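Hi,

Here is the structure I promised to pass on.

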Amino acid sequence: MKRLLVTGGSGFIGSALVRSLVAQGHGVLNVDLQTYAALPGALDEVDGEPTYQHLAADIADFSVMSEAFREFDPHVVVNLAAESHVDRSIDNAWPFMTTNILGVANLLTVATSHWAEGGRDPEFRFVHVSTDEVFGSIPFGSFAAESQYRPRSPYSASKAAGDHLVRAWFHTYGLPTIVTNSSNNYGPFQHPEKLIPMMIIRSAESLSLPIYGNGFQERDWIHVDDHVRGLLAAYELGDPGETYLFGTGETHTNLFVAKSICRLVDSQLSRPPRTGEQSIEFVEDRPGHDFRYCIDPTESTRKLGWRAAESFEVGLAGTVDWYCDNSSWWRSLIDSDAISRKGRAR
């Protein structure tokens, strides 16, 4: 059994990781400030487990994080705490700078002291979870670990800064860090502000389905459970200083995703075919909107033995079923902002 300090463990990807770790018998300290992105019910199955603890704290708080490291004494840190939505970063960039840059710097500082005081354990790992958006837009081909950073939104710029800090701590202080970048995630328990759950919910509610621009933007979609398997492989098998990318290497346009969701929701609700598609609405494109993301997972397969197992067709169908079967869950999260904000197409 290992002790893992997971930041942002109450969010979408974080909660999936925490559930998996606790099921494997590991000790988990979930450090999560419980902002709007904390998902009620996502950790119900681990609440009360003797190997699980939650600490409501800000990763930028030096004294609280120092005490957490001293008391929990983690073998592994997985940093998932982040402000993560592009549209929100355009509206107000400062929270993204605070958490995604200053918070990361604070975590690295505390982790380095903890690691040094513990005798520089060669098995200790600091895994920093990032995004493919740091690479900007790619017209063809795929991102690889050596791809140049070209962030184009306040969100992606803040994540890029965090990635650079993590690598600097490895080279300067020797802290055994690993950076991971994933493509767009989807699956159960994702916040309704994100593209796929928003489209499912709005289609089920017979509301308009806003799509930025012409909807031809392309994204590489990875099921959250596949991403979690990648993170487990990264800390168990990855080498310090390395970067691992998790994605499928396949892209779909936002318009294709929306139409696929409409078809699946129509079937779920026994509506006539193409009912949902009639509600698709093209809206003004957002500033700095990246056109295409795609990840090449070849190196992660070669070095970690990881590859995505869930096809997008099967994963999307299961996700639509989950949201249609759990309307009471997402209704509790929806407010006027979350459901009405247009064009949540990354």
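How many residues apart in helix 7 (residues 224–237) are Arg229 and Asp226? They are 3 residues apart, which means that about one helical turn separates them. Before going further, some housekeeping: this is a predicted model, in which local features need pLDDT of at least 70 and side-chain atom pairs count only at pLDDT 80 or more, while totals for chains, interfaces and linings use all residues. Residues are numbered from 1 along each chain as its sequence is written, and side-chain values use heavy atoms, with hydrogens and water left out.

Arg229 and Asp226 form a salt bridge (a side-chain nitrogen of Lys or Arg within 4 Å of a carboxyl oxygen of Asp or Glu), and their closest N and O atoms are 2.8 Å apart. Asp226 is buried at 3% relative accessibility, whereas Arg229 is partly exposed at 34%. For those words, buried means under 20% relative accessible area, exposed means over 50%, and partly exposed is in between (1.4 Å probe, protein chains only). Helices (H or I, at least four residues) and strands (E, at least two) are DSSP runs, numbered from the N terminus.

The structure holds 13 salt bridges. One of them joins Arg3 to Asp73, with 3.1 Å between the closest N and O atoms. Arg3 sits in strand 1 (residues 3–7) and Asp73 in the loop between helix 2 (62–72) and strand 4 (76–79), so this pair ties together parts that are 70 residues apart in sequence. Both ends are partly exposed: Arg3 has a relative accessible area of 25%, and Asp73 has 36%.

Then there is Glu193 with Arg88, a salt bridge whose closest N and O atoms are 2.6 Å apart. Glu193 belongs to the loop between strand 7 (184–186) and helix 6 (195–204), and Arg88 to helix 3 (residues 86–91), so the pair ties together parts that are 105 residues apart in sequence. Glu193 is buried, with a relative accessible area of 2%.

Helix 6 itself is worth a look too. Of its 10 residues, 9 are buried, so the helix is largely enclosed by the rest of the structure. Among the buried ones are Leu195, Pro197, Met198 and Arg202. After helix 6 comes Ser206, which has a positive phi, near 60°.

Last item: Glu242, Glu299, Arg302 and Lys303 are linked in a network of salt bridges.

Cheers
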